[in-house]
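The sequence and the structure are shown first.

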Amino acid sequence: MKIQQPVQVDLGHLMALNPHYNFISPPSSREELVNECLQKGTELVQAIANELFFLPSTEDKDGPLVELPPPKTRLPRGKHLPKPKPPTKWELFAKKKGINIIKRGKNVFDKQTCTWKRCYGYDRANDENIPILESKMTDDLEVDPFAEMQANKRKQIEKQEKNRLQNLKQAAKRPPFPFSPSRCHVQLAATALPIIGTQAATKKMTKDELGNVAGMAATATASGGKFDKKFPGEKLPKHEGKYRKIN
């Protein structure tokens, strides 16, 4: 009489096993071993199917659907646990000095409307476009405060534009330096664009400067000019810097 051994079924993993099974006699050939494994595997799959039909099901166009219970067997991880990232220099410095890093939110409290608004963009908090201004005892009653606010804003814009042009003039006076895509934009803009308010004629670009501009235009693509169509006689751009090694 053959005693049926108990089978453990874990529906959460759709897994079944028989921990007490042993071969009655060692298999004499590989074919006998394969047939025995297929027979026992079929029994385990049938045990999983029998347990699934005892679960409550719902009808669907593709057939009955069941919700699997949570798994009961703890399986080992396929990969190792993720290692914690080492702290950065700023995090080490902040921890040493006792600095608490507090992230500022995107919304701030607007005192004029007593609501929370964005700190930037349209309809931001504490914007200058306010309908009411609080006056002081020392204010001149003949001066329009709103017109004065707009005038101050225009002066600030003019000051920023003046500083920008002054920076371009100073960049144009610097001595030439080797080609670098990150620094050449300022020099080319300062020498090619006319400066407002000056009588000096625009400087004629030399052959080397034209070559630098052509090199910048050729490498201003996603592939760095590697897959772009080359003109007759055009040389490949030189690689600046070191190559990165990928392990």
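A residue counts as exposed when its relative accessible area is over 50%, as buried when that area is under 20%, and as partly exposed in between. Trp116, at 61% relative accessibility, is therefore classed as exposed. The model discussed here is predicted.

**Aromatic pairs**

A pair of aromatic rings is described by the distance of the centres and the angle of the planes. In this model, 2 aromatic pairs are counted. One of them joins Trp90 and Phe93 in a tilted arrangement, with 5.9 Å from centre to centre and 35° between the planes. Both Trp90 and Phe93 belong to helix H2, which covers residues 89–97. They are 3 residues apart, about one turn of the helix.

| Residue | Relative accessible area | Class |
|---|---|---|
| Trp90 | 48% | partly exposed |
| Phe93 | 39% | partly exposed |
| Phe109 | 38% | partly exposed |
| Trp116 | 61% | exposed |

**Cysteines**

A disulfide is a covalent bond between the sulfur atoms of two cysteines. How many disulfides are counted in this model? The count is 0, where a disulfide requires a pair of cysteine sulfur atoms within 2.5 Å. Cys37 is partly exposed, with a relative accessibility of 46%, whereas Cys114 is exposed at 54%.

Technical notes. Residues are numbered from 1 along each chain as its sequence is written. This is a predicted model: local features need pLDDT of at least 70, side-chain atom pairs count only at pLDDT 80 or more; totals for chains, interfaces and linings use all residues. Side-chain values use heavy atoms; hydrogens and water are left out. Buried means under 20% relative accessible area, exposed over 50%, partly exposed in between (1.4 Å probe, protein chains only). Rings of Phe, Tyr and Trp (its six-membered ring) pair if their centres lie within 6.5 Å; planes under 30 degrees apart count as stacked, over 60 as edge-to-face and the rest as tilted. Helices (H or I, at least four residues) and strands (E, at least two) are DSSP runs, numbered from the N terminus.
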